[in-house]
Amino acid sequence: MDRPDDGTWRTWGIDPAWSRTFDVPGHDGITHRWHLLDTGPGGPDGATVLCVHGNPTWAYAWKSFLRRFGDDHRVIAIDQLGMGYSERLGADAPPRRYVDRVADLGDLIDHLAIDASLPLVLAAHDWGGAIAMGWAVDHPDDVAGMVLCNTGIAVPAGRGAPKIIRLAASGPLRDLVCRRTSTFVEGTVRLSGRRISRQDRVVFRAPYRGAEHRRAIADFVGDVPLTDDHESAADIAAVAAQLGRIDAPVLLAWGARDIVFDDDFASDLMQRLPHAELQRFPGANHLVMAEADVASTVDRWLTDLLGTDREPRPVVQQHTSSVFDGLHRRRAEHTIAVADLAGRDRIDFATFARRVDNVAAGLVRRGLEPGDRVAMLTPPGIDLLIAVYGVWRAGGVTVVADRGLGLRGLGRAVASARPAWTIGPRTAGLASTVLRWAPKSQHIDVAMLVGEETGSTELPSEPEADALAAILFTSGATGPAKGVRYRHGQLAAQRDALATTYGIGDDDRLVAAFAPFALYGPALGVPTAFTDCDVTKPGTLTATALDEACREIDATMAFASPAALANVLATADDAAGLEGVAQLRLVFSAGAPVPAETLRAVSALAPDASIRTPYGMTEALPVADIDLATIDRAELSGDGRGVCVGEPVEGAEVLVADLDFDPLAGVPTSVPVGATGEILVRAPWVSEGYLARWETERTARPGAGWHRSGDVGHLDDDGRLWVEGRSVHVIDAADGPVTPVPIERAIERALSPSGIVTTGRVAAVGVGPASCQQVVVVVEADASGLELADRDLAAAVRGAVDVPVAAVLVIGELPVDIRHNAKIDRTAVAERAIEFLS
Amino acid sequence: MRIAVTGASSLIGATLVESLLQRGDQVVAFQRGQTDSPDRPTPGPGELVTHLGDVRDAAALDVALERCDVVVHLAAKVGVVGSRDEYASVNIDGTRNVIAAAQRHGARGVVHVSTPSVAHDGRPIVGGRAEPPIVEHGTAWYPETKAIAERRALDSSDERCAVVAVRPHLVWGPGDTQLVGRIVERAENGRLALVGAGRSLVDTTYVENAASALVAAVDAIAPGAACAGKAYVVSNGEPRPIRELVEAFCVAADVPFEPRNVPLGVARRIGSVVDAAWPRLHREDEPPLTRFLADQLGTAHWFDQRNVRADLGWRPSVSIDEGLAALGDWYRARRGEAPSR
């Protein structure tokens with residue numbers, strides 16, 4: 001093969017010096033001429049990254065790797081024999097089989113005499129993955145790490161080989177599609193659409209012009225073992241069976257739109273390599289390294305792999321309690337376990353516990369395996385609670401996405417978890433198929449499942465503390481909804497933290513006005529009631545509905561979202577004697593900042609109740625807790641910078657780190673008391689991590705069990721935590737970072753008594769480039785759309801804060817998140833402000 | 001220090017001369033005519049010598065700039081009326097004369113006062129820096145000749161006589177006849193118009209800050225200095241929506257604020273028509289609107305001030321709000337009222 005000239009390499013973005021050829025004596029007794037791209041020695045702490053392409057690409061597929069970290073590491077991207085610019089095999093030579101390819105790779109690695117003192121990382125794509133894995137299982141000690149991109153070693157259980165490959169591989173068609181015409185090359189390149197450049201398309205095709213250059217492409221396709229008696233089938237199966245020998249770290253970097261090596265192949269590899277990490281690239285197809293910024297992710301992963309100073313995450317503590325304790329304790333009782341005021345239904349503990357076992361048995365009988373993901377598409381109510389505990393009992397992992405994400409967000413969230421099963425009403429089953437939320441899952445009708453009486457099915461033992469229990473979703477208020485993984489031990493620890501923090505005992509009875517909170521009821525072993533309220537609109541909860549639920553179970557505690565509490569207060573005047581509410585000993589509210597005025601008004605309805613608000617996030621709850629009296633004290637005594645969320649709860653640790661800390665450099669040190677920084681939290685109930693987001697998880701978890709909350713704030717002299725906003729909303733001004741919440745609070749306080757503004761929410765956002773942003777304040781007022789504030793309002797706003805304010809705008813209504821209807825979407829506000837002021 | 005200031009009779013020039021005198025510098029004011037402004041610099045510990053002359057007159061400059069350590073070159077032909085030759089002779093040739101004289105007399109530096117409009121291409125500027133000058137501006141002779149002058153001035157910066165270009169953005173203050181004066185006059189006559197509802201965020205510079213930035217540049221400029229050969233946009237670093245500023249000027253001057261609103265697209269079209277028509281009408285006054293002005297008034301213009309603050313070691317000392325209060329006092333005094341503070 002004639003290599004391109006230097007100028008051509010440069011046009012392609014490849015340093016001509018990287019292009020090298022070697023004559024390598026082969027295991028077949030023939031010396032072959034190999035071509036590869038080699039960036040040469042990297043930094044002293046670097047690795048050798050050997051990249052193996054698939055079919056029908058070539059070394060160019062790894063351009064982003066070569067360019068991104070070719071200085072720090074030695075990156076070698078090979079052209080397989082017969083491919084790229086390596087030699088073309090003679091027309092009479094027999095087709096190279098899988099075992100030949102693995103041996104070829106070994107020949108080359110031996111010949112290259114790679115510095116054995118440096119760690120060797122294999123990166124592989126498509127069929128290159130199978131070949132690299134084939135070499136790795138025989139040299140497990142030589143491999144320091146593996147990066148696998150859209151590849152596979154076996155057809156995933158329960159399905160056939162991809163149809164498109166089957167078609168291309170069939171006899172005469174294969175030669176036509178792969179060799180005689182460039183259809184296969186063209187088709188592969190076209191899968192990437194506009195995510196790769198025109199030039200990329202040209203370069204991918206370059207070595208495969210003319211049928212004489214495409215023979216190996218056809219041979220590769222012919223080597224796909226579509227039947228068990230295929231010549232390579234046993235060899236590949238043997239490697240698949242030995243994959244467990246690889247204990248080096250593995251990163252799967254996956255283009256999620258690939259129709260050949262799809263998510264099922266990723267799951268198959270995850271099962272064979274349980275320690276592997278997964279990073280999905282949702283927009284990318286087969287040529288993921290060329291389409292998405294895989295190189296940056298791999299760069300960070302390599303830094304991690306080679307770094308030695310990262311403290312390992314403590315293993316999940318062997319939590320001695322379990323989520324089933326509450327039910328075990330009360331399973332003989334015929335007292336009420338759950339009441340549903342919307343569905344006019346109730347169930348006692350004994351029946352509840354029996355149905356949970358029935359559901360578990362029914363699931364096991366249907367074939368549910370421990371670890372299977374089950375999307376819970378049942379609306380909140382008694383059946384949902386039974387189904388959730390039933391799935392847990394059977395060893396399944398519940399995927400819980402609530403309608404608060406919006407229908408599209410809900411669908412996306414479910415799809416990202418790839419559930420094997422869905423449980424819900426018939427309509428949900430249809431949605432999961434028709435809307436492709438979970439096209440490959442098996443749907444179970446919830447009414448049928450819950451109604452079944454147990455047969456003779458033996459239940460597996462209860463799941464261990466380190467077994468995966470649930471995937472929950474972040475609200476998506478600050479980015480796309482992310483799947484959060486919880487193990488059983490973490491859920492049990494969370495239940496215990498709630499019980500300790502709020503002194504919850506057997507005499508307590510809970511009203512869950514925020515429906516998902518009802519899931520804690522059975523775990524706590526307390527009677528629980530759902531209110532009669534549209535779960536998708538918590539802001540419509542009436543005082544009468546809340547009171548009714550309280551009286552139904554003689555409630556001692558009620559949990560409601562801030563929006564729900566606001567409506568309860570708004571409707572309280574019309575309601576007659578709210579005796580159920582009045583007897584509560586505890587009212588708690590969370591999910592979004594709760595205005596102190598709301599809590600104060602609630603206190604008037606429930607005079608004996610302790611009014612509390614926990615602080616936390618989907619990934620870690622509770623972190624801190626505060627009661628109304630402390631809020632009032634803090635407001636008076638504190639510096640007023642932000643919202644006081646109280647002291648960390650028992651068992652939780654809080655660390656405030658510098659805003660600029662590098663999460664890849666290990667656990668940060670604390671900033672001094674009073675200084676603003678990012679809030680990190682550590683507790684036994686902090687979630688395990690994220691779903692298929694290695695990158696997010698890595699940056700959110702700097703080590704030793706610490707979780708970055710994404711909030712900024714400070715600790716005061718009394719150990720209380722103050723939240724000053726989200727870190728993504730910090731205004732990056734020339735004179736230093738400005739946090740939004742203290743500004744907003746100061747303005748709200750200044751404006752409310754003045755009568756200038758009647759409604760009251762305020763958003764402070766930054767406009768302009770990083771490090772020289774200007775502060776813009778947007779105030780909710782009587783306005784249509786966005787307008788400049790009048791002179792008096794602008795003066796009042798500027799007078800209330802001690803940072804320069806470039807512009808004061810008014811808006812009819814600030815955009816808020818869907819789930820809580822309360823968190824101001826400052827990113828959207830900033831975008832509108834920038835547009836308005838330019 | 002002995003510092004020559006060309007164009008010393010302008011608003012910035014007079015303020016600068018006063019600042020230099022107050023700190024004890026010897027100042028050579030080079031200007032075309034005796035200033036008739038009532039705000040003559042108050043004599044400070046420094047010493048003031050006035051030379052009457054024109055920057056087109058190299059011989060007069062040569063006499064005036066003798067023994068000067070630094071020259072601040074403010075003299076320029078501004079506005080939109082006149083031929084390209086008239087602009088070029090003052091702005092390009094005049095600058096060449098000033099730098100030549102400074103070099104001949106061994107000055108260590110020249111502070112060339114330029115304008116942000118030299119780099120203006122009609123697009124909004126959001127947190128921008130001093131971009132390189134654009135040497136073609138259609139028929140807008142002022143920015144075009146100032147751009148050429150700035151480029152040549154910076155190119156001439158060498159190891160004996162260093163040059164820094166300072167571009168103050170929209171200078172205003174008491175006694176300002178350009179920006180504030182025109183707005184107030186139009187407001188009085190009921191001809192006040194805002195382009196695009198006046199919501200664009202714009203940087204401005206209170207005159208004392210512009211002067212103090214020039215003083216900082218005088219002190220900083222020397223061969224080898226960080227600022228040598230560079231251009232900086234100077235502003236208060238407090239951008240505001242145009243409408244808010246215009247209203248504040250009107251309030252300070254106690255004139256009604258009743259603006260008409262002209263959409264940006266309309267303003268640009270009117271400006272283009274005026275640009276084409278004005279020279280043919282042989283009008284000597286400034287046109288009500290030009291294409292350049294439409295862009296300036298209808299799009300955001302504010303700047304990243306970090307490098308100017310670092311390289312010149314300067315920060316504005318008077319905030320926008322303090323400046324507005326001073327402006328109000330000045331108008332009150334003119335009306336014979338007592339200051340509010």
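Visitor: What is pLDDT, and what is the mean pLDDT of chain A?

Guide: pLDDT is the predictor's confidence in each residue, from 0 to 100. In chain A its mean is 89, and 95% of the residues reach 70 or more. This is a predicted model, in which local features need pLDDT of at least 70 and side-chain atom pairs count only at pLDDT 80 or more, whereas totals for chains, interfaces and linings use all residues. Residues are numbered from 1 along each chain as its sequence is written, while chains are lettered from A and ligands numbered from 1 in the order in which they are written.

Visitor: Which elements of chain A have the lowest and the highest mean pLDDT?

Guide: Helices (H or I, at least four residues) and strands (E, at least two) are DSSP runs, numbered from the N terminus. Among the elements of chain A, the lowest mean pLDDT, 75, belongs to helix H5 (residues 163–169), and the highest, 97, to strand E3 (residues 48–52). Where pLDDT is low, the predicted coordinates should not be read in detail.

Visitor: How is chain A divided into domains?

Guide: Domain bounds come from an automatic or database domain assignment. That assignment gives domain 1 (6–159 + 233–306), domain 2 (309–502) and domain 3 (730–836) of chain A. The C-alpha centres of domain 1 and domain 2 of chain A lie 39 Å apart.

Visitor: Is A:Val147 buried or exposed?

Guide: A residue is buried if 20 or more other C-beta atoms lie within 10 Å of its own, exposed if 12 or fewer, and partly exposed in between, with C-beta atoms placed from the backbone. A:Val147 counts as buried because it has 27 C-beta neighbours inside 10 Å. Its place is in strand E6 (residues 145–151) of chain A.

Visitor: With which residues is A:Val147 in contact, leaving aside its neighbours within four places in sequence?

Guide: Two residues are in contact if their C-beta atoms, placed from the backbone, lie within 7 Å. With those neighbours left aside, A:Val147 contacts A:Val121, A:Ala123, A:Leu251, A:Ala253 and A:Val298. The C-alpha atoms of A:Val147 and A:Leu252 are separated by 5.9 Å, although these residues are 105 apart along the chain.

Visitor: What span should helix H20 of chain A have?

Guide: The expected span of a helix is 1.5 Å times one less than its number of residues. For the 15 residues of H20(A) (residues 488–502) this gives 21 Å, and the end C-alpha atoms are 21 Å apart, which agrees. H20(A) is mostly covered, with twelve of its 15 residues buried. Those buried residues pack against strands E15 (468–473), E16 (483–487), E20 (586–589) and E22 (620–627) and helix H21 (520–524) of chain A. After H20(A) comes A:Gly503, with a positive phi near 55°.

Visitor: How many residues does the contact take from chain A and from chain B?

Guide: Chain A gives 14 residues and chain B gives 18 residues. On the side of chain A, helix H29 (791–800) and strand E34 (805–811) are the elements that give two or more residues.

Visitor: How many helices and strands has chain B, and why does it count as compact?

Guide: Chain B has eleven helices and 15 strands. The radius of gyration is taken over C-alpha atoms, and the globule rule is 2.2 Å times the number of residues to the power 0.38. Chain B has a radius of gyration of 19 Å, close to the 20 Å that the rule gives for 341 residues, so it is as compact as a globular protein of that length. Of its 341 residues, 54% count as buried.
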